[in-house]
Amino acid sequence: MDRFAELLDRLLLTSSRNAKLTLMQDYFREAPDPDRGLALAATTGNLSFNAVKPGVLRALMADRMDETLFAYSYDYVGDLAETVSLVWGIDAETDTIPGGVSLAEAVERLHAASRSDAPKVLASLLDRMEAASRFATLKLVTGGLRVGVSARLAKQALADYGGVHVHEVEELWHGLEPPYENLFAWLDGKGEKPVHAALAMFRPVMLSNAVEDSDLARIEPEDYAAEWKWDGIRVQAVAEEGVARLYSRTGDDISGTFPDLLEAMDFDAAIDGELLVGVPGDHTGTFSDLQQRLNRKVVTPKIQKQFPAFVRAYDLLQEGHDDLRRLPFAERRKRLEAFVAKLDPARFDLSPLVPFDDWAQLEDMRRAPRHPVIEGVMLKRLDSPYVPGRPKGPWFKWKRDPHTVDAVLMYAQRGHGKRSSYYSDYTFGVWTGPEDQPELVPVGKAYFGFTDEELKLLDKYIRDNTIDRFGPVRSVRAEPDHGLVIEVAFEGLNRSTRHKSGVAMRFPRVSRLRWDKPAHEADRIETLYAMLDA
Amino acid sequence: MDPHRLLMPRPEGLYCPPGGFFIDPVRPVARALITHGHSDHARSGHEHVLATLQTLDIMALRYGADFAGSSQAIGFGKSLDVDGVKVSFHPAGHVLGSAQIAVEKDGLRIVASGDYKRRPDSTAQAFEPVKCDVFITEATFALPVFRHPDDRLEIARLLKSVGQFPERAHLVGAYALGKAQRVIKLIREAGYDKTIYIHGALQKLCDYYKSEGIDLGDLQPATIERGSKAQFAGAIVVGTPSAFADRWARRFPDPVASFASGWMRIRQRVKQRGVELPLIISDHSDWDELIDTIREVKAGEVWVTHGREEALVRWCELQGIKARPLHLVGYEDEAE
């Protein structure tokens, strides 16, 4: 447990991605099974307990310590779990700690505990731990463990640790269960690669690069297909032997939120597409309509009826036993067209190709798209295989409105008047510095463009992710693997010597909240500089 | 005798009317008794100073030989009569030469402990409890949340990190007097024998500790040879906490910001300072040391000063010990 606690503390305080990778790999090397797998599950949010409520912690302390002294302590520290972890054992006669507790033992005993004897079990574990381990344990059981490690980063650490490509880990991931002993055995070179770990597994997605003028000069229109870029969320719909799963583009399983769509997935294939709401062929809902369906734990029949979900298919990665990813786009497209024709038309349709002769013609269509839910065009090289990651060259995105940028929320300030209890003024930044250790540089401030509902969500997010306070301003966690991406719309960009970033936005506002987008995929300052030159 | 007639708070510091002297005065006075060399306790400009020889040496190093009109050294355990008041100095365990000062008249003894700690430190004389009627205690870490871990475990975490990140420099912030030398000594005791680099502000004090027989191993100034930033890869660099926020720190490759302080117990403090590797190492007593000491000196009354007085006063009340906060001004606890 002590090693796990040390790892957590170091991960919490380290912002460098490379350092986090080193820390995790060293831990995987040091810690035995099943501890290391449980730690992996804990950091990636795959370990849960019957949550211990704050009231339980207070009651435990009330039996052990003067109430006033506890109140002084809590007041000073400001975090209940941390306070308890520090004052625990203050009533003990001696300060010797009998025996250590392994992470595995702690997890097992806490899992086995019923709700009524959980406090007693927790107390007996805390009695045998040092402060750092007590903190880790309390954060685990109160559900407040936020480590700053995304699932993606953890998978990268595993890949680096085992000397394999991250896509191999991503592909396997959904078939694996904590404590991942077969995975570690493989990475240690002591076991076979886990195979057929799960049905309907995720396939790492292929991403595009923003097109630049210099790109268009270099590439030939006849080598590329164009299609609309729909304004929903990118998903992968996979079904195999009766098991159907819907994945976000980072491989998170979001099936539970879309039972209506899952029902229609009675095929054996993997489809890459855009998740939208509406009725294909009749109407397509906007992104804010789609948001009515996102991040819900309970999906009522009413909301399913009001905002039916469907997938607009872009690509076919697997059909039956055939892995199509090595085939050129043009061939996959033919297979896709034939395949989608057989599916439930209310749940699946085809994203049409956009015929064009030259870039100028495509540019005109891009500027005046046929549909409001189109945010631009995609260019896909006809001979390109489906390659995970973001290779440069085969795929480009060409967005409709040149004046939007994906930025990361950095600071929030309380508003005025009826917004005075809300954090409603947002400072956002884009990435700068080296690719492997990017930093955020603030590029603007926005205080409108969101609905009242979104304001509530933003406010909650900010309170949950505050790392520092300066009077009315809160500094919000904004790291490559943990941060909120805001699509910011603006009317123009000027050079500015007054701003550290060197640019100033005109009329910036929140265009939408990209809860789905990882922070490290937000734009870089170079994107803004390119807009200046344009 | 009423203890408040023997020692009383005044704007200049703690004053003894019958002896006509102050303890650790924050403004220039005629007669000053100094517990230890930290700048908030030992100031320059007094007419006459009484302190341990090491404290006087440290004051001379920091302020120059003319730091006071005149000075007098007193040994540990030795006593002196000052206008009918018996004063004696006893080790406080805080930094090299640090003392508690016992003040006695008409059978009443008050011990002003200055700053103190109880745990082993091979760079300072170990604390000796002195039985007394009134014990004046510091309260820098007087909250039950402050319970310092074993300092060797903290140093082990530092050395582990040095091994994990051989391409980075580890910058350890430590207060220039006492903490820096203790941290270096602990690193040596853990078996690390490579050169340790130090910020210029530590040089004189490290030299002084060495001259007093405390072996700190090979120390080199953290100056940069032309174009050789890489020489600090994998190195340990010790400097004052403020230096690391300065441009000075830019000479090091991808530094790991570390800080040796009792404040590092609280995560919010760690984050506020931008510390990546906190080392919970303090030269002040933690909660357990404070209450153990109060029990041990068997004082009928406790006066609590500089820090979180209310919690310690509360604890004394619960134990049936008379206690009150002593509102002295001018002592900093942030630099610890």
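Start with chain A. The C-alpha centres of its domain 2 and domain 3 lie 28 Å apart. The bounds come from an automatic or database domain assignment. That assignment gives domain 1 as 2-142, domain 2 as 209-399 and domain 3 as 404-533.

A word on the source. This is a predicted model, where local features need pLDDT of at least 70, side-chain atom pairs count only at pLDDT 80 or more, and totals for chains, interfaces and linings use all residues. Residues are numbered from 1 along each chain as its sequence is written, with chains lettered from A and ligands numbered from 1 in the order in which they are written.

Back to the two domains. Nine residues of domain 2 of chain A are in contact with seven of domain 3 of chain A (contact: C-beta atoms, placed from the backbone, within 7 Å). The domain 2 side has four nonpolar, three polar and two charged residues. Here Ala, Val, Leu, Ile, Met, Phe, Trp, Tyr, Cys and Pro count as nonpolar, Asp, Glu, Lys and Arg as charged, and the others, Gly among them, as polar.

Now the chains. 22 residues of chain B are in contact with 22 residues of chain A. On the chain B side, H3 (151-164), H6 (267-272) and H8 (309-319) each give two or more residues. Helices (H or I, at least four residues) and strands (E, at least two) are DSSP runs, numbered from the N terminus. That side of chain B divides into 10 nonpolar, three polar and nine charged residues.

Next, the sheet in chain B. Seven strands form an open, mixed sheet, in the order S7-S8-S9-S10-S11-S18-S19. Pairing takes at least two DSSP bridges between two strands. Which strands stand at the edges? S7 (79-82) and S19 (322-325) of chain B do; each has a single partner strand, so one side of each is left without a neighbour in the sheet. S11 (134-139) and S18 (301-307) of chain B pair in the parallel sense over six bridges. One bridge joins Ile136(B) to Trp303(B).

H8(B) returns here. This helix packs on the sheet, touching S11, S18 and S19 of chain B, at about 170 degrees to S19(B). Angles run from 0 to 180 degrees between N-to-C directions, with axes fitted to C-alpha atoms, for helices over the stretch in contact.

Last, a close look at one residue. Val183(B) touches, beyond four places in sequence, Val172(B), Ala174(B), Val238(B), Ala260(B) and Ile281(B).
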